[in-house]
Amino acid sequence: QCAVSSGDVSINTSITSQDVLENEIQELDNLLATYSFTECQEQAIPFFCQYYFPLKDCTADNIYMASKEDCNRISTTVCAAPWNLAINIGYGHQLPKCDALPHAHIDGLNNDTILNDTNTWEDFNITCREDFYELNNTCFPRCDNFRENDYTASMTMVISEVVAVSIGVFICLIILVLSIINHKTMLHFPSIFVFFLMLDYLVASIAVIVAASDRDKLFCSSISLKESLDNPTAFCTVSGAIFHYVIVNMTLWWFFHVSIFLYKVVAPFHAKRTQILGRQKYIFAVTVLLGFVIPLPAVIVSLSTDKHKYAISRFPPTICNPDGDMWFYSTTLLITILLGAGVCFLIIIFFVIHKNHGFRASNQERVKLSTAEKKILIVFISFLIFGVYTMVHVGIVTSNADKTVDGLITYFACESSGHVPGKCDRTIFERYTQPYMSAVAYILMGLFPLSIMNFVVKWNAIKNLFKCFTVGWMNSSISKETKSSLVRLESRRTETSLVRLDSRRSEMSLMTPPVSPTVV
């Protein structure tokens with residue numbers, strides 16, 4: 001349709017309103033301006049205007065539409081890199097389908113096209129970075145080689161992750177064996193929460209070690225980083241769901257154990273009465289049910305919806321996470337609340353212990369902690385240190401997530417037209433990733449099982465065993481020469497005693513008078 005008035009010109013289309021189409025052109029123009037595609041912008045925007053608003057000669061009733069030739073030239077030569085970039089970052093629906101457009105000699109369009117550029121595809125030859133690959137004269141980031149940090153920082157993070165988690169797994173296997181041997185104590189309420197905590201830690205650590213064995217095949221569904229993000233592998237989904245469930249589950253076991261310990265310290269009489277009446281089994285059943293059920297809804301939603309699916313969250317990849325909002329509300333926020341409440345409970349516990357431990361407290365009020373209870377306090381504090389540090393690190397990274405994404409998009413757009421040393425700035429996203437904080441978090445993760453092993457191991461039994469072993473070793477270290485010398489000494493003593501005995505007999509025989517012969 002063509003509507004011309006004495007004032008403004010209004011063009012109506014049968015597809016949608018003019019404002020929507022103008023906004024789409026403006027978005028494409030802003031995209032080209034953002035990534036400094038000046039040459040492409042100068043030639044592509046007139047083409048998009050003609051594509052969205054075909055020229056119409058109202059007097060001759062001729063329509064001048066955008067041509068297939070112009071579309072092919074723009075998408076494959078001067079605008080090849082931004083065209084592919086627009087498709088990869090979600091603007092593909094706004095771009096025309098070149099094959100669906102008419103040829104230049106049809107519908108009144110002459111051979112004079114919008115473009116004056118006569119370069120062909122073969123005239124372009126670009127060089128990509130080692131962590132990018134070339135496709136259609138455009139560089140795209142590789143899933144199997146791209147790193148968010150420099151080589152030193154990335155290797156520091158990866159090595160600390162593998163070494164710390166491997167040490168943690170080794171300690172957990174020792175704890176598992178000792179727990180089975182001492183099952184009457186470890187599998188008893190509430191010590192079983194420590195056992196559950198150790199099992200969750202072991203599962204999460206094994207998932208991290210398996211992920212480190214072959215990151216490229218396990219996480220990359222394609223050579224393209226974007227396709228791997230959009231289409232996560234099965235391992236990415238499964239390992240992400242396991243880690244998502246386990247990390248919340250661990251915090252719940254810790255929180256329940258701290259709460260029960262608080263109940264025993266603040267109200268020891270009622271706690272003892274609850275134990276005598278056998279009501280602990282109900283507390284145990286409720287807490288275990290809550291511990292297993294609370295993490296499930298978020299995991300199920302993330303597995304069943306495409307919006308919150310598990311995807312790679314960093315490069316080189318380790319564990320996949322759901323989208324930012326789901327991860328924040330189901331993990332970061334929940335764990336922060338549990339840790340905060342646990343800190344308050346521990347403050348009350350230490351206050352009561354300090355208050356009722358002095359000489360002024362009566363015998364009924366005085367709180368006496370057993371060795372096992374002192375050990376479990378060490379477990380509480382060590383997990384609290386690990387959890388608080390990890391949440392601070394996650395909070396810093398999450399708060400800068402948008403800046404990191406924007407920096408990556410800008411960097412990818414800069415590198416898409418070819419690598420020029422010094423042209424593209426990696427610091428626009430590297431400064432937000434905090435690789436060394438991640439390394440410290442993994443080190444704390446590897447050291448945490450030591451507190452659990454301290455709780456499980458009976459050090460007095462080991463001390464007595466060490467003494468017995470030391471005495472036995474000392475006895476066995478006596479040489480044969482020493483033994484033979486002792487034998488010789490003993491034989492000499494025996495010979496001396498025999499000589500003395502013979503001499504005494506001789507003396508006694510001399511002292512006895514002889515008997516006179518009898519005369520017949």
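1. Contacts first. Take the contacts in the chain between residues at least 6 apart in sequence: 74% of them join residues at least 24 apart. Note that this is a predicted model.

2. Overall make-up. The chain has 520 residues, and 40% of them count as buried. Its secondary structure consists of 20 helices and 4 strands. The accessible surface of the chain is about 30,200 Å². Carbon and sulfur atoms account for 62% of that surface.

3. Helix α3. This helix covers residues 68–78. Which of its residues are buried? They are Lys68, Asp70, Cys71, Ile74, Ser75, Thr77 and Val78.

4. Start of α3. Here a side-chain oxygen of Ser67 comes to within 3.2 Å of the backbone nitrogen of Asp70.

5. Surface patch. Phe328, Tyr329, Leu333 and Ile337 make up a nonpolar patch on the surface. Together these four residues have about 390 Å² of accessible area.

6. Leu333 sits in helix α14, which runs over residues 324–355. Why does Leu333 count as partly exposed? Its relative accessibility is 34%, and partly exposed is the class between under 20% (buried) and over 50% (exposed). Leu333 therefore falls in the partly exposed class at 34%.

Key: Residues are numbered from 1 along each chain as its sequence is written. This is a predicted model: local features need pLDDT of at least 70, side-chain atom pairs count only at pLDDT 80 or more; totals for chains, interfaces and linings use all residues. Side-chain values use heavy atoms; hydrogens and water are left out. Helices (H or I, at least four residues) and strands (E, at least two) are DSSP runs, numbered from the N terminus. Buried means under 20% relative accessible area, exposed over 50%, partly exposed in between (1.4 Å probe, protein chains only). Contact means heavy atoms within 4.5 Å. Accessible areas come from the Shrake-Rupley method with a 1.4 Å probe; for residues, only the protein chains shown count as cover. A polar contact is a pair of N or O atoms within 3.5 Å; within protein, one must be able to donate a hydrogen and the other to accept it, and residues adjacent in sequence count only if both atoms are side-chain atoms. Patches are made of residues with over 30% relative accessible area and no salt bridge: like charges are joined within 9 Å, nonpolar side chains (Val, Leu, Ile, Met, Phe, Trp, Tyr) within 5 Å. A salt bridge is a side-chain nitrogen of Lys or Arg within 4 Å of a carboxyl oxygen of Asp or Glu.
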